[in-house]
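Hi,

Here is the structure I promised to pass on. Have a look at it first, and my notes on what turned up are below.

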Amino acid sequence: MSESAVIARPHFAEGTSAASILIIDDEMAIRESLQTLLEMEDYRVETADTGEEGLLKIAEQPFDLVLLDLALPDRNGLEVLRDIRDRDPSLAVILITAYGTVENAVLAMQGGAANFVQKPWDNEKLLADIRAAVARKRAEEENIQLKRALKQRYNFENIIGKSEAMLRVFDLVGQVAPSRSTILLQGESGSGKELIAKAIHMNSPRKDRPFVPVNTGAMPTDLLESTLFGHVKGAFTSAIASKKGLFEIADRGTLFLDEIATMGVETQAKILRVLQDKKFMHLGGVQEIQVDVRIIAATNVDLRQLVKEGKFREDLFYRLNVISIDLPPLRSRKEDIPLLVGHFLEKFANENEKQVGQISPEAMRCLMDHSWPGNVRELENVMERAVVLSSGTVIGVDLLPDNIVGRTAGLQLLEHRPDASLFEVVEECERRLIVDMLEKCNWNQTDAAERFRIPLSTLNQKIKRLNIEIKKRGRE
């Protein structure tokens, strides 16, 4: 394996035990009290008694957090805050003051402070605020470091992950990208299959040629074949002119066939011929066209099972499955959630010109506890919604959807119908739990019953009693 095929795995600081904190306060008693408190928690602490001395120390060494007094002898604390933000926008600052007015708190948060604490403070609350601010800064640093490492190696612009599962995917992508081999990407809907396909293309010798994605599940067979192979004038009623297909457009590039499992058997045969002979004909045409196209296919269902059921050609499966890459669901790599949250927060704040740049610890806990049946795409949608609805600088629990926060269906029913009986509340909770589990199991009742640890017959009885409409097992 060449050096360029291996990602340099960045080192990420863990925890906050080694975090470095600067205290800027003109009162010696305050400085000493805070220093003692923080050193007992294993923080490294420096102190300064003026704004200018504090700024000099920030210029000389890196800090994770600054505790800044609002009333300093040489300068106003808000002015020092602005200077700190100008020098290092990522440095977390908590303002501590005896003048705990709402106006000062608003000005502090608008100026970029992570929090605003009034003297005398509560030690436990202050330590909790410090831990949260340091954790946010560390997550932001990890995100930046990871993006830089991935971009240097792979041009991965929008793929985020530090989990072992994702690092294995990155390593595999680096190995297979330079080859000509067909790739099969397998993973749940929303897990990032198209992003991985683009990364493979961008790190291949074909990167300057077209990357052409097509959702094969979104078109009827006739339209799909016309789209893929093109047609000659008069091939069918609406063919008023000849048209190139995507295989021609992707020549010497990459064609990404998403939802390959939904493709009809006749179309599968034509795809197989292109893979074998690198030739095809326009619909209605007689002339063979030679192409050099790398195919990356993707599916969110078990193709082997479809082969057994006779719904997918075995010979095509083996042609596609030269190299297989399995993408992990988000619920199995939750250590990536803070990085993804930071990425989406920055992305949507910029797109919507919002000042929001932080997420509260409570909101982050809700995101970490969610099972994410829609994977990264679901998280992206949740973060976009939160940013669009935000009016401040911090994403709180109030900006998250009910299903993320964990407000039960029964509580929602009581809010809309205060006269609802206990039986109705319990029934609504049971209904919601069953629907959620069925969604997680892709509406497979057998799997849902096993996860509930109840007989399938019992689950079916509940589904019937609660009037739950069973959806077809999707191939999203």
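**Helix pairs**

Helix H8 (residues 221-229) and helix H10 (residues 265-277) have axes that come within 10 Å and cross at roughly 15°. A word on the source before going further: this is a predicted model, where local features need pLDDT of at least 70 and side-chain atom pairs count only at pLDDT 80 or more, while totals for chains, interfaces and linings use all residues. Residues are numbered from 1 along each chain as its sequence is written, and side-chain values use heavy atoms, with hydrogens and water left out.

Axes here are lines fitted to C-alpha atoms, for helices over the stretch in contact, and angles run from 0 to 180 degrees between N-to-C directions. Helices (H or I, at least four residues) and strands (E, at least two) are DSSP runs, numbered from the N terminus. H8 and H10 are therefore roughly parallel to each other (angles under 35 degrees count as roughly parallel, over 145 as roughly antiparallel, 65 to 115 as roughly perpendicular and the rest as oblique). Their crossing is left-handed, meaning that the near helix is turned anticlockwise from the far one by less than a right angle; clockwise would be right-handed.

On the H8 side, Thr-221, Leu-224, Glu-225, Leu-228 and Phe-229 meet Glu-266, Thr-267, Lys-270, Ile-271 and Val-274 of H10 (contact means heavy atoms within 4.5 Å). Sorted by class, the H8 and H10 contact holds five nonpolar, two polar and three charged residues. For the classes, Ala, Val, Leu, Ile, Met, Phe, Trp, Tyr, Cys and Pro count as nonpolar, Asp, Glu, Lys and Arg as charged, and the others, Gly among them, as polar.

There is also a pair made by helix H2 (residues 51-60) and helix H3 (residues 77-87), whose axes come within 10 Å and cross at roughly 10°. That makes H2 roughly parallel to H3. Gly-51, Leu-55, Ile-58 and Ala-59 of H2 make the contact with Val-80, Asp-83, Ile-84 and Arg-87 of H3. By class, this contact of H2 with H3 has five nonpolar, one polar and two charged residues.

Strand E1 (residues 20-24) pairs with E2 in the parallel sense over five bridges, and Leu-22 stands opposite Glu-46 in E2.

Strand E6 (residues 183-186) runs parallel to E12 and is joined to it by four bridges; in E12, Ile-323 is the bridge partner of Ile-183.

**Loops worth a look**

- Lys-119 and Pro-120 are joined by a cis peptide bond, with omega about -10°. Pro-120 is in the loop between strand E5 (115-118) and helix H5 (123-154).
- Asp-42, in the loop between helix H1 (28-40) and strand E2 (44-48), has a positive phi of about 75° although it is not a glycine. Asp-42 counts as exposed because its relative accessibility is 53% (buried means under 20% relative accessible area, exposed over 50%, partly exposed in between, with a 1.4 Å probe and protein chains only).
- Glu-259, in the loop between E8 and H10, also has a positive phi, near 55°. At 13% relative accessibility, Glu-259 counts as buried.

**Whole chain**

The chain has 20 helices and 14 strands. Of its 476 residues, 46% count as buried.

Cheers

Conventions: Pairing = 2+ DSSP bridges.
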